[in-house]
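The sequence and structure are shown first.

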Amino acid sequence: MAIIVNVDVMLARRKMSSGELAEKVGISAANLSILKTGKAKAIRFTTLNALCNALDCQPGDLLEYAPDPPETT
């Protein structure tokens, strides 16, 4: 599964720091970092909603799908 998280892109567009976003969303800086680096295995809709609200964006601005390359045998 190749879901790309573009939180950094939106942070740069909004000229907002990670710490400021974490505070507005109500999550820890560590959890935001896990999300930003793509290491998160899941995201709650309430968290996605809060991110979209804080960054004034749509879920598609934050999440992107890139298909996995085909397996070679």
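## Contacts of Leu55

Leaving aside residues up to four places away in sequence, Leu55 touches Met10, Leu11, Arg14, Met16, Leu21 and Leu62 (contact means heavy atoms within 4.5 Å). The model is predicted, with local features needing pLDDT of at least 70 and side-chain atom pairs counting only at pLDDT 80 or more, while totals for chains, interfaces and linings use all residues. Residues are numbered from 1 along each chain as its sequence is written, and side-chain values use heavy atoms, without hydrogens and water.

## Nonpolar core

Leu55 also belongs to the largest nonpolar core, which has 17 residues; Val7, Leu21, Leu51, Leu55 and Leu62 touch the most other members. Two or more core residues come from each of α1 (7-14), α2 (18-25), α3 (29-36) and α4 (45-55), and α4 supplies the largest share, five residues.

Such a core is a set of buried Ala, Val, Leu, Ile, Met, Phe, Trp, Tyr and Cys residues joined through side-chain atoms within 4.5 Å; buried means under 20% relative accessible area (1.4 Å probe, protein chains only). Helices are DSSP runs of H or I with at least four residues, numbered from the N terminus.

## Pockets

The largest pocket holds about 220 Å³ of space. Ten residues line this pocket, and Ile3, Val5, Ala40, Lys41 and Ala42 lie nearest its centre. A pocket is an open set of points on a 1 Å grid over the protein atoms alone, where a 1.4 Å probe fits, with protein on both sides within 12 Å along at least five of seven lines; lining residues have an atom within 4 Å of a point.

The second largest pocket holds about 170 Å³. Its lining includes Ile27, Ala40, Ala42 and Arg44, and α3 gives the most to this lining, with three residues.

Conventions:
Buried means under 20% relative accessible area, exposed over 50%, partly exposed in between (1.4 Å probe, protein chains only). Grid points are joined across faces, edges and corners, and a volume is the space filled by probe spheres set on the points.
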